[in-house]
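Biologist: Hi, could you walk me through this one? I'd like to take it piece by piece.
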Amino acid sequence: MSVNVNTNAIFAMREVGDDLQRLRKRASLRQDDAAAKLKVSRFTISKIERGRAFPTDQQLARLLALYGADTEQRAAIKAKIRHGKSFGRAWWEEPRFRKLFQGDSYRYFYVEDAAERISVHSGTYVPGLLQTRQYVEAIASFGQKQESTERRETFVESRLRRQAVLTRRHPVVLDALCLESALRAVVGGPVVMRQQLRHLATAARRQNITLRMIPYTAGAPSIHGSPLTIIDFPGMENQSIVSQERITGETLNDDPGEVRRARRKFADLAEHALSPEETIQRIEEFEKEMR
């Protein structure tokens, strides 16, 4: 488990949500019943129970009274909330990052920081956690050319800061797939792409990183460009999450069925990928071709 700030916050939210859901069901109440009592929407109760947010002090007091929680249960839930809120501010909680990223795109920072293992198929892009600054700047200058320079710089900085999960004291284990087209595209020009390829070759030799390329010769799998990320957390009690990119940003889903489907898709793609050793060899060959 990482010792980074807010690493455990997401788990605390989940535990509190699970506890409140169990108490509600034991009291034979529906989410609609709790929402009516608190004069909030059912979505608010659902968000709390799914571990998306802590209840406010007033909401918590009303819920515990409504559910008939005893002294021990009240104390335990309050302790979990204090624990979850006790961590220092993370870099992504700065106003400029909160302003740029919304919804699940913002929540993803917490999820990624809390991860033990990340399995990603990045499609036609170099995996985000392995991108160099120059590569990120190149894709931002094109994909966000209508945005202000400040917003682009904030995006670039967030992408680079996220990579700290790979080098922290207890680093994330990264299992990454990408298409051959991701490594052959000359993003940012030959110099930038050569630097990116050298960075990949070095990173792929690290103990906690596995990188595999799906070659053109794989046929149909070699053009499957839809990005897919599966995030696994420490402990059997913590559900895995699937993250997928949409036009509006990241979407997170912890439905077990969706997670199983994502794992099957990742496994299907991995069957057509080169080995890690072959991938490094091909990366070095691509880099030499650009000299």
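**Helix, sheet and rings**

Modeller: Happy to, and keep in mind that this is a predicted model. Let's begin with helix α9, where the buried residues are T154, F155, V156, S158, R159 and R162.

Biologist: What covers the buried residues of α9?

Modeller: The cover includes α6 (95-100), α7 and α8 (133-143).

Biologist: And what should the 14 residues of α9 span?

Modeller: At 1.5 Å a residue, α9 (residues 149-162) should span 20 Å, and its end C-alpha atoms are 20 Å apart, so the two agree.

Biologist: Nice. Switching to the sheet: what's the strand order?

Modeller: It's an open sheet of six strands, ordered β3-β2-β1-β4-β5-β6, and the pairing is mixed. At the edges sit β3 (209-214) and β6 (249-253), each of which pairs on one side only. From one strand to the next, the twist averages 15°.

Biologist: Which helix packs on the sheet?

Modeller: That's α7 (residues 103-114), which touches β1 (117-121), β4 (228-232), β5 and β6. The direction of α7 makes about 60° with that of β6.

Biologist: How many bridges do β5 and β6 have, and in which sense do they pair?

Modeller: Five bridges, in the antiparallel sense, with β5 covering residues 241-246. In that pairing, E245 stands opposite E250 in β6.

Biologist: What about β2, is it mostly buried or exposed?

Modeller: Six of the seven residues of β2 (residues 173-179) are buried, so this strand is largely enclosed by the rest of the structure. β1 and β2 run parallel and are joined by five bridges, with R117 standing opposite V173 in β2. β2 also pairs with β3 in the parallel sense, over six bridges; there, L177 has R212 in β3 as its bridge partner.

Biologist: Changing topic, how many aromatic pairs are there?

Modeller: The count comes to eight aromatic pairs. One of them is Y106 with F109: their ring centres are 6.0 Å apart and the planes are at 90°, so the pair is edge-to-face.

Biologist: Where do Y106 and F109 lie?

Modeller: Both are in helix α7, three residues apart, which is about one turn of the helix. Y106 and F109 are both buried.

Biologist: Which residues do ring pairs link into a cluster?

Modeller: The cluster is made of W91, W92, F97, F101, Y106, F109 and Y110.

Terms used. Residues numbered from 1 in each chain as written. Predicted model: local features only at pLDDT ≥ 70, side-chain atom pairs only at ≥ 80, totals over all residues. Heavy atoms only, no water. Pairing = 2+ DSSP bridges. Helix = DSSP H or I, 4+ residues; strand = E, 2+ residues; numbered from the N terminus. Axes fitted to C-alpha atoms, helices over the stretch in contact; angles between N-to-C directions. Contact = heavy atoms within 4.5 Å. Phe/Tyr/Trp six-rings, centres within 6.5 Å; stacked < 30°, edge-to-face > 60°. Buried < 20%, exposed > 50% of the residue type's maximum accessible area, 1.4 Å probe, protein only. Expected span 1.5 Å × (residues − 1).
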